[in-house]
Amino acid sequence: MKTQRRVSAAAVALLLGGAGIALAASPALAAETTYKVKCIPPAGGGSPVEGDTTAKITAPATAKVGDEVDVVWETVKPASNNTDLMVIPKDSVLPTGWIALGGGMGELKVVGEKKNPEIAKKAPMVMSAMKGKLKLTKAGKITLSPGKYDVAVTFSIGTFTTKCAPTGEVGAGATIDVSAGSTGGATNGGATNGGATNGGATNGGTTAGGGGQTDFPGKAVDVKFDCGETVPGGITTPVTVSAKKNGGSYDLTVKTAKDAMKAPVPLPKGALKPSMQIKLGGADSGAVTVTGPANAEPIGQGAGVSLSDMTGTYKPGKTGKVTLSPSDMTIEVTMVAGSSPLSVPCKAATSAVSLELDTTAQQGGSGGPSSSGGSGSAASGGLAETGAEDEGGIKALALVAGTVVLLGAAVFTFTPWRRLRGTR
């Protein structure tokens with residue numbers, strides 16, 4: 001693995017001071033510890049990998065009860081290199097770690113930023129430093145030991161996460177000597193959650209919420225859509241539901257496939273407009289409608305067709321853990337500006353949880369049959385390289401985690417297209 005540039009303890013102390021570290025705390029000290037981990041890659045990412053991770057934990061040597069101190073986890077040596085499947089794009093790697101706290105104080109969640117160079121196949125991974133704030137609630141020596149960590153990588157098709165967890169004993173990376181002082185609140189670390197594993201038999205989604213967290217990336221889940229006679233055999237595509245906290249509500253962004261099909265006829269600007277229902281589960285119920293804008297540019301015959309990102313707003317009606325799963329999709333087709341659109345309904349025959357949120361009920365929140373959404377922007381997703389078998393059909397191929405997967409026949413009869421062709 002590539003070793004990141006090491007920052008001196010004094011420099012880290014200055015950085016933490018600029019971030020608002022308590023004046024009563026001593027200058028930050030850094031210590032390294034190496035421990036064994038087992039890393040589970042996302043579906044299509046290869047077999048589990050066991051290796052050694054070296055982490056450097058930076059925290060103040062002394063502080064007092066009531067202080068809120070900054071803690072930094074730098075990954076000096078990750079357990080494995082990038083796979084040989086694909087190049088990791090620049091600024092796409094989001095690490096999230098959990099630091100075990102001694103003295104019965106639980107654990108601290110720390111998170112990095114999406115800041116990394118482009119990482120070639122088989123090249124050493126590069127991860128940003130993960131940071132969190134720790135509220136000190138009692139006197140004594142508190143050890144900080146690095147533990148499990150997630151490495152979420154975002155591609156155009158969605159977010160894929162490798163999960164690493166210790167397989168043996170982990171030594172302390174740092175120790176804080178906490179003296180008596182004013183009483184404080186609960187111990188907690190603010191963090192941004194780093195996606196989830198897309199694969200295997202696990203369909204758990206991403207759990208997110210708490211602290212100062214505002215961005216909640218979901219995991220890509222394969223959804224099989226039944227579009228009736230329009231698409232015999234249906235379409236299977238990865239769908240990712242992500243959220244951004246906005247006051248007491250969440251702004252949702254839903255990404256589907258890129259180049260999911262090739263246009264059977266030339267499509268004018270504004271021809272295709274998608275919408276989708278996001279089903280709520282767990283503590284809340286109902287659904288949120290998300291919609292996307294129509295295509296901003298004409299699409300030539302045989303060119304790839306991508307659905308725009310769909311957006312909407314979820315206002316929680318209940319407090320607790322709420323799951324969000326992609327559900328039914330509708331594509332409105334308008335071949336002539338000003339004419340009534342043709343609606344192509346696609347029912348979600350199979351789906352899974354893409355995201356889980358820890359919510360607080362809001363007045364006028366959901367919890368009913370459905371909630372209205374908003375409009376979105378930009379193409380996204382991950383189906384690629386499709387081609388027509390004949391005038392009225394295509395066969396879709398999906399590029400998921402670097403592996404091309406044949407999605408069955410997925411042959412469009414294009415009865416609607418034939419009808420629309422007659423209007424041109």
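Let me start with a question: does Lys56 count as buried or exposed? Lys56 counts as buried, because its relative accessibility is 6%. By buried I mean under 20% relative accessible area, with exposed being over 50% and partly exposed in between, using a 1.4 Å probe and protein chains only.

Before going on, a word on where this comes from. This is a predicted model, so local features need pLDDT of at least 70 and side-chain atom pairs count only at pLDDT 80 or more, while totals for chains, interfaces and linings use all residues. Residues are numbered from 1 along each chain as its sequence is written, and side-chain values use heavy atoms, with hydrogens and water left out.

Okay, the overall picture. The protein has 424 residues, and buried ones make up 49% of them. Its secondary structure comes to two helices and 27 strands. Those are DSSP runs numbered from the N terminus: H or I with at least four residues for helices, E with at least two for strands. If you take contacts (heavy atoms within 4.5 Å) between residues at least 6 apart in sequence, 72% of them join residues at least 24 apart.

Now back to Lys56 and its partner. Lys56 forms a salt bridge with Glu74, with the closest N and O atoms 3.7 Å apart. A salt bridge here is a side-chain nitrogen of Lys or Arg within 4 Å of a carboxyl oxygen of Asp or Glu. Lys56 sits in strand 2 (residues 49-60) and Glu74 in strand 4 (residues 68-77), so to speak two distant parts of the chain, 18 residues apart. Glu74 counts as buried as well, at 9% relative accessibility.

How many salt bridges does a search of the whole structure find? Ten. Another one of them joins Lys141 and Asp177, with 3.4 Å between the closest N and O atoms. Lys141 is in strand 8 and Asp177 in strand 10 (residues 174-179), so this pair ties together parts that are 36 residues apart in sequence. Here Lys141 is exposed, at 59% relative accessible area, and Asp177 is partly exposed, at 33%. Then there's Asp358 with Lys321, where the closest N and O atoms are 2.9 Å apart. Asp358 is in strand 23 (residues 355-359) and Lys321 in strand 21 (residues 320-333), so the bridge ties together parts 37 residues apart in sequence.

Next, the cores. A nonpolar core is a set of buried Ala, Val, Leu, Ile, Met, Phe, Trp, Tyr and Cys residues joined through side-chain atoms within 4.5 Å. The largest one has 40 residues, and Trp73, Ile99, Tyr149 and Ile176 have the most contacts inside it. Strand 8 (residues 140-155) gives the largest share, six residues. There's also a second, separate core of 39 residues, including Phe216 and Leu355.

On to the disulfides. In general, a disulfide is a covalent bond between the sulfur atoms of two cysteines. The rule used here is sulfur atoms within 2.5 Å, and the count comes to two. Cys39 and Cys164 form one, with their sulfur atoms 2.1 Å apart. Cys39 is in strand 1 (residues 28-40) and Cys164 in strand 9 (residues 158-166), so the link ties together parts 125 residues apart in sequence. Cys227 and Cys346 form a disulfide too, with 2.1 Å between their sulfur atoms. Cys227 is in the loop between strand 13 (220-226) and strand 14 (235-246), and Cys346 is in strand 22 (residues 342-350), 119 residues away. Both Cys227 and Cys346 are buried.

Last stop, strand 18 (residues 287-291), where five of five residues are buried. Ala287, Thr289 and Thr291 cover one side, and Val288 and Val290 the other. Strand 18 pairs with strand 17 (residues 272-282) in the antiparallel sense over five bridges; pairing takes at least two DSSP bridges. The two strands form a hairpin with four residues between them, and Gly286 in the turn has a positive phi of about 100°.
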